Amino acid sequence: MAKALQAQRGGRPSGSGGCDGFALGNEAIAEGAFAAGARFYAGYPITPSSEVAEAAARRLPELGGVFIQMEDELSSMAAIIGASAAGARAFTATSGPGFSLMQENIGMAVMGEIPCVVVNVQRSGPSTGMATKPAQGDVMQARWGTHGDHGIIALAPSSVQDCYDMTARAFALADRYRTPVVLLADAAVAGMREKAIFRKLSQAELGGRALPSCAPDDFRPFATAPAEREIAPLPPFGGDYIFRVTGSMHDERGGQSASPKNADRVVRHLVDKLERNRADIVRVRGYGLEDADAVVISFGCTARSALAAVRQARGLRDGLRAGMLELTTLWPFPDDEVREVLSRAKLVVVAELNLGQAEREVRRLNEFGACVLGVNRVDGDLITPDEILAPIAEALS
């Protein structure tokens with residue numbers, strides 16, 4: 001079982017104008033991007049993510065970067081793909097309706113293997129829904145929103161510190177695996193203020209884009225390795241390495257190739273390059289799992305209520321043995337970590353602000369006969385610790 005992740009402590013990040021202390025989640029997202037070296041932002045303001053755009057508009061010119069307010073979210077996604085292809089670390093931020101508009105070009109980034117970061121601060125839906133209310137209803141959209149078989153990485157922060165740390169990590173993962181990475185935040189976490197440390201990132205955390213060392217004529221930008229441990233390097237457009245990025249099925253040099261053999265190679269590569277590197281990508285946090293009879297699985301803002309419920313359960317007179325597994329990586333889904341919980345616990349409660357999107361993934365993995373229950377809300381209010389504690393107390397009484 002992956003152990004609880006401990007946030008490293010340090011000083012002010014390089015290139016960041018934020019201060020250690022009280023911070024807004026959306027501001028921490030922006031500062032995490034700047035600290036990671038992001039210097040291009042294209043987006044369209046939308047509640048509850050607009051503070052990310054506001055911070056980018058204010059800070060990027062100071063850092064020698066570029067901020068562009070686009071006419072819509074579809075063009076925003078297209079712009080960051082172009083900026084990334086030119087060599088910049090690029091990002092955008094939106095909420096549910098805008099995330100829907102981005103899906104076609106997210107598919108383009110997946111197929112073209114263009115690294116970029118998409119921040120989706122989830123709100124109540126469908127459609128306009130309740131624009132200022134938190135929700136966690138975009139879990140499956142993050143995984144399957146764009147068409148075709150493909151892999152995707154999605155991270156879920158549950159604190160303002162996470163907003164900073166995970167945004168920075170998203171850029172490193174995007175470059176390492178040449179893929180879009182979704183920061184699947186929510187209105188509650190992005191809109192809260194709490195203590196955060198905008199620390200300087202180590203070189204290992206910053207990562208970087210691999211550049212080719214071969215002769216330009218030998219460069220194959222879409223080559224695949226059998227073990228999927230190595231991803232082809234990606235030089236910026238405009239240099240000696242000339243190649244095409246296309247949404248169509250392509251060969252290793254970027255030229256169109258619709259043969260069945262090549263199509264099979266490309267689609268499997270887009271999935272396998274992430275699935276075979278799960279150990280590097282997937283992270284979870286565990287609390288009190290060693291002896292837990294009941295485990296709450298949660299993520300994002302709801303993980304805060306889940307942890308409070310677990311602490312209340314253990315603090316009762318008879319001491320209910322409860323634990324929590326927080327999914328800080330939602331995609332690839334933490335199959336191994338969830339299976340381990342299911343193999344040991346009598347009861348697994350999946351708490352989320354939707355009607356069971358992560359719960360379905362947990363049930364898919366339940367080969368052990370554990371009782372799986374969902375605790376859900378879709379009314380715009382947060383799930384309370386008492387709502388999570390109630391089924392635990394009833395089942396274990």
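Is Ala57 buried, partly exposed or exposed? Hi everyone, let's start there. Ala57 sits in helix H2, and with a relative accessible area of 33% it is partly exposed. Here, buried means under 20% relative accessible area, exposed means over 50%, and partly exposed is in between, using a 1.4 Å probe and protein chains only. Helices (H or I, at least four residues) and strands (E, at least two) are DSSP runs, numbered from the N terminus. Ala57 and Gln69 are twelve residues apart in sequence, and their C-alpha atoms are 8.6 Å apart in space.

A quick word on what we are looking at. This is a predicted model, where local features need pLDDT of at least 70 and side-chain atom pairs count only at pLDDT 80 or more, while totals for chains, interfaces and linings use all residues. Residues are numbered from 1 along each chain as its sequence is written, and side-chain values use heavy atoms, leaving out hydrogens and water.

Now, the inside. A nonpolar core is a set of buried Ala, Val, Leu, Ile, Met, Phe, Trp, Tyr and Cys residues joined through side-chain atoms within 4.5 Å. The largest one has 66 residues, and those touching the most other members are Tyr41, Phe91, Ile153, Leu155, Val296, Ile388 and Ile392. Helix H6, residues 160-177, gives this core its largest share, ten residues. There is also a second, separate core of 50 residues, with Ile81, Ala90, Phe99 and Leu330 included.

Let's follow Phe91. Contact means heavy atoms within 4.5 Å. Leaving aside residues up to four places away in sequence, Phe91 touches several residues, among them Phe34, Tyr41, Ile80, Val117 and Phe171.

Next, the rings. A pair of aromatic rings is described by the distance of the centres and the angle of the planes. Rings of Phe, Tyr and Trp (its six-membered ring) pair if their centres lie within 6.5 Å; planes under 30 degrees apart count as stacked, over 60 as edge-to-face, and the rest as tilted. How many aromatic pairs does the structure hold? There are nine. One of them joins Phe34 and Phe91, edge-to-face, at 6.4 Å centre to centre with 75° between the planes. Phe34 belongs to helix H1 (residues 25-35) and Phe91 to strand E4 (residues 89-94), so this pair ties together parts that are 57 residues apart in sequence. Both Phe34 and Phe91 are buried.

Phe219 and Tyr241 make another pair: the ring centres are 5.4 Å apart and the planes are at 80°, so this one is edge-to-face. Phe219 is buried at 5% relative accessible area, and Tyr241 is buried at 18%. Phe34, Tyr41, Phe67, Phe91 and Phe171 also form one aromatic cluster.

A charge can sit over a ring too, if NZ of Lys or CZ of Arg is within 6 Å of the ring centre and within 35 degrees of the ring normal. Arg143 lies over the face of Trp144, 3.8 Å from the ring centre.

Last stop, the cysteines. A disulfide is a pair of cysteine sulfur atoms within 2.5 Å, and a search of the whole structure finds zero. Cys116 is buried, at 2% relative accessibility, whereas Cys214 is partly exposed at 28%.
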